Amino acid sequence: MPAEPNHIAARAGIAAVVCNIAGVFALTGIDQAYQPGGLDRWYYAATQHVAGQGWSAWLFAIGVLLLVPWAAGLTRVLGPYAWPGGALVITGAALNVLGSLLPFVVVTAVPHGEAVLGQTLLGLALVLDAMFNLALGVGIVLLSFAMARDHHFPMWMSGLGLLAGMATAPVVTQAWSPLGGVLLMVAGPLWLGWVVAVSFRLTNLKWESWDSRRSAPELNRLPLATPMDRSGQAGGRADDRPSPAR
């Protein structure tokens, strides 16, 4: 039976992008946010902009949490070849929910004057965000390879995903190097744009379920090799073999 377009996953993806962009704008005026070597300035700026840091933390947390149903829906559409990539995206997103909320804890629960504790929590948030970018980048690369096999998605979309994933994974260096923050300025728009493109694609497709597609290899752009039967001939049947001479 044909499956309906996955509107839930598509809407979750669009909402995730909106939340992440809004979270970035909420950080306006907060110097050195998510930058290694500047945790003291980040802590001071965050305590001076409590509302902005709080809103940003919650928007980032909701944004990465929305990536879970988006990745799960996309993985279901693409089939079992997409499970490794989808699992990485879901794991990274679930882990980063905690990291995204740590700055909110810093500005609301850490006693005033406890700068060391506040900077430590911000450092942990930075490390968790770096790990999220690594898992997200590798997951997007694997999803793009799975997407390249499916004729329902254009090749440019899998190519854009491959580029976005390869740019996002190195952002893990933000945990110890300012280079990660520079890479994020390029990787962020790339993976957000890819999520938007995939989400819109999910709303206007009608495809067969994976179980029905397994018996139709022509639907795959990059089908696997034809299995060999016991006679050594591809696609043959055992009862089609010539009878031995009597």
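Visitor: How many helices and strands make up the secondary structure of the chain?
Guide: The model is a predicted one. Along the sequence, its elements follow the pattern β-α-α-α-α-α-α-α-β-α. The secondary structure therefore comes to eight helices and two strands, the elements being DSSP runs.

Visitor: What percentage of the residues in the chain is buried?
Guide: A residue counts as buried under 20% relative accessible area. The chain has 246 residues, and the buried share of them is 47%.

Visitor: What part of the accessible surface belongs to carbon and sulfur atoms?
Guide: The accessible surface of the chain comes to about 12600 Å². Of this area, the part that belongs to carbon and sulfur atoms is 69%.

Visitor: Among contacts with a separation of 6 or more, what share comes from residues 24 or more positions apart?
Guide: Contact here requires heavy atoms within 4.5 Å. Among the contacts in the chain with a separation of 6 or more, residues 24 or more positions apart account for 75%.

Visitor: Which helices are included in what covers the buried residues of α1?
Guide: Helix α1 spans residues 7-26 and reaches 28 Å between its first and last C-alpha, close to the 28 Å expected. Its buried residues include Ala 9, Gly 13, Cys 19 and Asn 20. Their cover includes α3 (50-78) and α7 (179-203).

Visitor: Is Ser 100 buried or exposed?
Guide: Ser 100 lies in helix α4. Leaving out residues up to four places away in sequence, it touches Tyr 34, Ala 57, Phe 60, Ala 61 and Val 64. Because its relative accessibility is 3%, Ser 100 counts as buried.

Visitor: Where in α7 does the kink lie?
Guide: Helix α7 has 25 residues and reaches 37 Å, close to the 36 Å expected. Among its buried residues are Trp 191, Trp 194 and Leu 202. The kink, of about 35 degrees, comes shortly before the proline Pro 189, at Met 185.

Visitor: What is the relative accessible area of Thr 75?
Guide: Thr 75 lies in helix α3. Apart from neighbours within four places in sequence, its contacts are Ala 82, Trp 83, Gly 86 and Leu 143. Thr 75 is buried because its relative accessible area is 1%.

Visitor: What distance separates the C-alpha atoms of Phe 153 and Arg 201?
Guide: Phe 153 is found in the loop between α5 (115-148) and α6 (155-168). With a relative accessibility of 0%, Phe 153 counts as buried. Phe 153 and Arg 201 are 48 residues apart along the chain, and their C-alpha atoms are separated by 7.6 Å.

Visitor: Which helix contributes the largest share of the nonpolar patch?
Guide: The patch on the surface is formed by Leu 88, Val 138, Leu 142 and Phe 145, with about 300 Å² of accessible area together. Leu 142 counts as partly exposed because its relative accessibility is 31%. The largest share of the patch amounts to three residues and comes from α5.

Technical notes
Residues are numbered from 1 along each chain as its sequence is written. This is a predicted model: local features need pLDDT of at least 70, side-chain atom pairs count only at pLDDT 80 or more; totals for chains, interfaces and linings use all residues. Side-chain values use heavy atoms; hydrogens and water are left out. Helices (H or I, at least four residues) and strands (E, at least two) are DSSP runs, numbered from the N terminus. Buried means under 20% relative accessible area, exposed over 50%, partly exposed in between (1.4 Å probe, protein chains only). Accessible areas come from the Shrake-Rupley method with a 1.4 Å probe; for residues, only the protein chains shown count as cover. The expected span of a helix is 1.5 Å times one less than its number of residues. Patches are made of residues with over 30% relative accessible area and no salt bridge: like charges are joined within 9 Å, nonpolar side chains (Val, Leu, Ile, Met, Phe, Trp, Tyr) within 5 Å. A salt bridge is a side-chain nitrogen of Lys or Arg within 4 Å of a carboxyl oxygen of Asp or Glu. The bend at a residue is the angle between axes fitted to the seven residues ending there and the seven starting there.
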